[in-house]
Amino acid sequence: MWTISSIAQRDSFTKPTTNDRCFIWQDVAEFAPFALEAAEAFRISAKSAKCQIFCNRPGAVTAVHFDPIDVITVQLTGRKTWRVAPNAFAPAPLEAWSPKEPVPPILRIYSDGATPTGIPDDATEYVLEPGAVLHVPRGYWHETSSDQDSISIHILLIPPLRLDFLLALLRNELLRETYWRESVYDFDDSNWHQAALLEFADALGRINVHDFVRPPITDRPVTPVTSFVRAGQACITIDTLDNSTAQISVTAYGFREITTATLCLDRHLLPACQWLDGLRTTTSVAVDDILIAAPHLSKPDAQQLLALFEQTRLIRRTD
């Protein structure tokens, strides 16, 4: 049976965070498989799930607050009382906050109503004993107390946000343009503001969610009339060159993963590859366009190239 003393003596556990009556061990190696299993179950990255051990002495209290994460707690020994309530003041928060602290500037943007001084009156009380499991949804108010020695595991889930998803799409699109990578030292100079807004609106219009959460690739052949567009969230890098061949990498950026395909091509195909890579997102592409950009290629060459770049996500079929 685990006790607070036995946990404290484990060499494999990192030094805990402590206060007078509570010890918190973070990133416990023995419990990493639980965090990984939780990450897989909720379809988040492995680094977005963490495991902690809370050890409370009698009289330990966690003051009311909310966190920007989901918490799943499993009571191992002893007893711990939770009070939990929905958060009408700042739903889906981006940071943790306690009424004991000043309201931070970012939280003020989306908070609503009078600043709370304690947990809402509609809080629900849960008394956890060994084997009990409790989910505290992201952003919910909660406070805890222990009247005896208590050990519990907390699995912390740090979910991606819709905001993260869209900002990642937009950032990758903007990074392709030198304009957005240039330095700006004088933010008070308004001469560039209007041009920036126009460029921003144009980039926003080129974003397509299918370039980030990609549907399965079709197995239909590429014909002389098959139409494509230059996909976003993908690029070509030239790795090596010799007199007859070129090795290139095609990187496709997704929300859950980044994939890179390495291709070895005849060097005479390289100008067409570079032309495709330089196209603005959403530009239409077909066999005839390849032949105009690289007139030394044959129609079969162009069809083969388009098929190759469809498979590696540089272009997206529209028909």
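These questions and answers go through a predicted model.

Reader: How many Å separate the centres of domain 1 and domain 2?
Author: The domain assignment gives domain 1 as 17-157. Domain 2 comes in two pieces, 161-183 and 207-318. Taken over C-alpha atoms, their centres are separated by 44 Å.

Reader: Are the rings of Phe-23 and Trp-25 stacked or edge-to-face?
Author: A search of the whole structure finds eight aromatic pairs. In the pair of Phe-23 and Trp-25, the ring centres are 6.1 Å apart and the planes meet at 25°. Planes under 30 degrees apart count as stacked. The pair is therefore stacked.

Reader: Is Trp-25 buried or exposed?
Author: Phe-23 is partly exposed, at a relative accessible area of 25%. Trp-25 has 3% relative accessibility. The cut-off for buried is under 20%, so Trp-25 counts as buried.

Reader: What is the class of the pair Phe-89 and Trp-97, stacked or tilted?
Author: The ring centres of Phe-89 and Trp-97 lie 5.6 Å apart. Their planes are at 35°, and stacked requires under 30 degrees. The pair is tilted.

Reader: Which residues do ring pairs link into a cluster?
Author: Phe-89 and Trp-97 are both buried. Ring pairs join them in a cluster with two further residues, Phe-66 and Trp-141.

Reader: Which strands are included in what covers the buried residues of H2?
Author: Ala-35, Ala-38 and Ala-39 are buried in helix H2 (residues 32-41). They span an arc of only 100° around the axis, so they sit on the same side of H2. On the other side, Pro-33, Glu-37, Glu-40 and Ala-41 are exposed. The cover over the buried residues includes strand E3 (49-56) and strand E10 (150-157).

How values were computed
Residues numbered from 1 in each chain as written. Predicted model: local features only at pLDDT ≥ 70, side-chain atom pairs only at ≥ 80, totals over all residues. Heavy atoms only, no water. Domains from an automatic or database assignment. Phe/Tyr/Trp six-rings, centres within 6.5 Å; stacked < 30°, edge-to-face > 60°. Buried < 20%, exposed > 50% of the residue type's maximum accessible area, 1.4 Å probe, protein only. Helix = DSSP H or I, 4+ residues; strand = E, 2+ residues; numbered from the N terminus. Arc of directions from axis to C-beta. Contact = heavy atoms within 4.5 Å.
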